[in-house]
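Try each task before you read its solution.

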Amino acid sequence: MQPRNMSMSGVVDLAAVKAAGEAKAKAEQTRAETARQGGGGAVPPSALVIDVDEAGFERDVLQRSAEVPVVLDFWAEWCEPCKQLSPVLERLAREYRGRFVLAKIDVEANQMLMQQFGIQGIPAVFAVVAGQALPLFQGLAPEPQIRETLDQLIQVGEQRFGLTGLTVDAEADESAVAAPAPGPHDAALEAAVDALDAGDLGGAIRAYRNVLSDDPANSEAKLGLAQAELLSRVQEMDPQKVRQEAADRPDDVQAQIAAADLDLAGGHVQDAFGRLVETVRRTAGEDRDTARLRLLELFEVIGPDDPRVTAARTALARVLF
């Protein structure tokens, strides 16, 4: 099953409708009532990923969406793509630390909810923001696109509805962390690092791809692959020629992409990100998508937690929407 358009046009439409102001006011009223009753304190990490059924939907999703965007993951045990997507969503819910809550809904046990959301196939991912439901995407999607969608969802929740998210209990978080057990891909990852150290970029790329073929969500392999591919792209470049071509042809997407790769490989992270954000702003159609996808790849090289990536994601969202 191919993913649908990952854009947040549904959120933009939602913010534009007349009910948006009423939804925001209701969310503020709900938050005030929760605070008055002594709620709204820090939550344990376990509260960021929950199982939801029809009986608890109003409490666990609708009411909770007055505090934080709630992402709905419609899945089933027999659904193989669900088994690949759900772990990624669960990991991101914990990584984002309260900026959204993931609610998992087994469609086999909750047929009415599936019908109410008009779901034709799974996995399907929706969100509820201040009581308002909107579709995000259907089917499998690359993690960079999922992150982009979540960032836009969170931004709209904050700006349009004043949703600031949940506070995660740091002590509970620390107590829940256990020493990691040896992973099944440790040997392959070590071989990839050895290949990188030896300058064998092709060998490192193959090793990382082998890991990802078995474990698509392996963050270490994704980071290593992104770095190895970047080094492979720039190793034969003539820096002076690349920069001259980028300066002479500001509307040439491939020239700007090559210069951005060179910027990033040289440690000029913000220059690389800024160049591609500006290229996305100036272009349209296939050229725009090419520049956007390369920018998402470069985000993977730096890592999702870096503040420069966060800032660039926000800048990208502004020029796209």
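**Exercise 1.** Does Asp-151 count as buried or exposed, and why?

*Solution.* This is a predicted model, where local features need pLDDT of at least 70 and side-chain atom pairs pLDDT 80 or more, while totals for chains, interfaces and linings use all residues. Residues are numbered from 1 along each chain as its sequence is written, and side-chain values use heavy atoms, without hydrogens and water. Buried means under 20% relative accessible area, exposed over 50% and partly exposed in between (1.4 Å probe, protein chains only). Asp-151 counts as buried because its relative accessibility is 18%.

**Exercise 2.** Find what Asp-151 contacts beyond four places in sequence.

*Solution.* Start in helix H6 (residues 143–161), which holds Asp-151; helices are DSSP runs of H or I, at least four residues, numbered from the N terminus. Next, look for contacts, meaning heavy atoms within 4.5 Å. Asp-151 has Tyr-96 and Arg-313 as such partners.

**Exercise 3.** Describe the ring pair of Tyr-96 and Phe-100.

*Solution.* Rings of Phe, Tyr and Trp (its six-membered ring) pair if their centres lie within 6.5 Å; planes under 30 degrees apart are stacked, over 60 edge-to-face and the rest tilted. The centres of Tyr-96 and Phe-100 are 5.6 Å apart with 65° between the planes, an edge-to-face pair. Both Tyr-96 and Phe-100 are buried.

Conventions: Helices (H or I, at least four residues) and strands (E, at least two) are DSSP runs, numbered from the N terminus.
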